[in-house]
Amino acid sequence: MEPKWVTWAKEIQSLSQAGLAYSKDQFDIERFERLRELSQEIMAEYTEVPMEKLPELFANETGYQTPKVDVRAVVFRDNKILLVREMMDGRWSLPGGWADIGVSPSENAVKEAFEESGLEVKPVRLIAVMDKKCHPHPPGAYHIYKLFFLCEEIGGKLATGFETLDAGFFGLDELPELSVGRITESQIRILFEYGWDAGKQVYFD
């Protein structure tokens with residue numbers, strides 16, 4: 001799904017970052033710095049991200065580069081799925097976000113669900129591990145693994161959070177405008193299958 005130029009830019013960035021972390025020769029360091037600059041120029045040319053923003057978004061880490069982890073809570077009520085309206089773009093997604101240090105993946109799902117929707121949930125099981133590049137998201141700077149946890153609603157009430165404008169449950173045939181950088185309709189369709197079939201095997205890319 002991911003355009004080839006995005007894959008190439010990310011790989012150039014990853015190789016340059018590793019080179020900068022482990023190289024001792026000054027000439028090699030200069031070459032790796034130039035490769036990192038080229039990866040940013042590629043992203044700036046083909047995305048709407050300004051060049052001055054790319055160092056902090058796309059080239060802000062040191063050491064060996066690994067994928068980032070995005071954790072999402074999947075909560076069903078009466079055959080409808082919980083969605084939250086993102087403050088950043090006014091569109092809808094599953095509650096969730098970047099995994100936090102010191103918190104397990106399932107604990108992240110619980111925390112994000114409460115912070116973004118007001119609901120208290122209990123993780124039931126991991127239902128999907130998706131590689132963002134394999135799905136129809138818009139191009140992005142990071143290589144991201146997305147973890148989806150099926151959660152049971154145990155308390156709380158629908159409310160907004162610091163990063164959300166609204167929260168609600170939606171049927172598959174009534175989905176609002178989605179924040180496709182975070183979740184796509186095809187992914188939600190996959191997740192609905194787990195609401196219908198408790199024995200379904202974990203989805204993975």
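User: How many bridges pair E2 and strand E3?
Analyst: Two bridges, in the antiparallel sense. Keep in mind that this is a predicted model. E3 covers residues 92–93.

User: Which residue in E3 is the bridge partner of Val-84?
Analyst: Ser-93.

User: And what sits between those two strands?
Analyst: E2 and E3 form a hairpin with five residues between the strands. Gly-90 takes a positive phi there, near 75 degrees.

User: Now the other hairpin. How many residues lie between E1 and E2?
Analyst: Two residues. Asp-78 is in that turn, and its phi is positive, about 55 degrees. E1 spans residues 68–77 and runs antiparallel to E2, joined by two bridges. Arg-77 has Lys-80 of E2 as its bridge partner.

User: What about E7? In what sense does strand E7 pair with E2?
Analyst: Antiparallel, over six bridges. E7 is residues 164–170.

User: Switching topic. Which residues does UniProt list for the "domain: Nudix hydrolase"?
Analyst: Residues 66–192, in an unreviewed UniProt entry.

User: How much of the chain is helix and how much is strand over residues 66–192?
Analyst: It is 17% helix and 43% strand. The end C-alpha atoms of that stretch are 30 Å apart.

Key:
Residues numbered from 1 in each chain as written. Predicted model: local features only at pLDDT ≥ 70, side-chain atom pairs only at ≥ 80, totals over all residues. Heavy atoms only, no water. Pairing = 2+ DSSP bridges. Helix = DSSP H or I, 4+ residues; strand = E, 2+ residues; numbered from the N terminus. UniProt positions renumbered as here; feature names shortened; annotations may be inferred.
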